[in-house]
Amino acid sequence: MPNAIIKCSNLRRVFRMGDTDVHVLKGVDLSVRSGEFLAIEGRSGSGKSTLLHVLGALDEPNGGQVMFDGADLFAQPSAARSRIRNLSYGFVFQFYYLLPELNVLENTMLAAMVKHSWFDFRSRSADLRTQAAAILESLGLSHRLKHRPAHLSGGERQR
């Protein structure tokens, strides 16, 4: 049986609301092996999004530990966590987070823009455009490359 690719132990997340502490994650333990698929479900306000934000290194826990590929995720510097998010994680947000000033192709290329230095990106931009266009074609969006997010359906935005 393969080792866990991501594992959290005694994960806690508390938000301050005025004079009140709201305990959202209360000692969560979770282990996910490479290739495993799981769903996190629960009622509204139960902490699903908070858990995913912490596991995805978008938010820091107040306590506990998150291990990714054998290393303590939050013991690493912010730049290392950003690299992990850019190279190892994939996010499908409830809200699409598409930049309205960019077209579909440009929004698809954002991860590549962040991954490469400006000079490297400029020198590889034609190849990266081709790769992004191929991804969009596989999602049935090749006819929407130049469209802005406001001109897409909800399903198209999510893809």
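A: Start with helix α2, residues 78-88. Its buried residues are Ala80, Arg81 and Ile84. Buried means under 20% relative accessible area; exposed means over 50%, and partly exposed lies in between (1.4 Å probe, protein chains only). These three span an arc of only 100° around the axis, so they sit on the same side of α2. The arc is that of the directions from the helix axis to the C-beta atoms. In general, an α-helix has 3.6 residues a turn, so residues three or four places apart point the same way.

This is a predicted model: local features need pLDDT of at least 70, side-chain atom pairs count only at pLDDT 80 or more, and totals for chains, interfaces and linings use all residues. Residues are numbered from 1 along each chain as its sequence is written, and side-chain values use heavy atoms, with hydrogens and water left out. Helices (H or I, at least four residues) and strands (E, at least two) are DSSP runs, numbered from the N terminus.

What do the buried residues of α2 pack against? They pack against β3. Contact here means heavy atoms within 4.5 Å.

Now look at the aromatic rings. The structure holds one aromatic pair. Rings of Phe, Tyr and Trp (its six-membered ring) pair if their centres lie within 6.5 Å; planes under 30 degrees apart count as stacked, over 60 as edge-to-face and the rest as tilted. The pair links distant parts of the chain, 21 residues apart. Phenylalanine 68 is in strand β3, while tyrosine 89 is in the loop between α2 and α3 (104-108). Phenylalanine 68 counts as buried because its relative accessibility is 12%. Tyrosine 89 is buried too, at 17%.

From tyrosine 89, step to alanine 112. The two are 23 residues apart in sequence and 14 Å apart in space, C-alpha to C-alpha. Alanine 112 belongs to helix α4, residues 110-115. With a relative accessible area of 18%, alanine 112 is buried. Leaving out residues up to four places away in sequence, alanine 112 touches Phe121 and Leu128.
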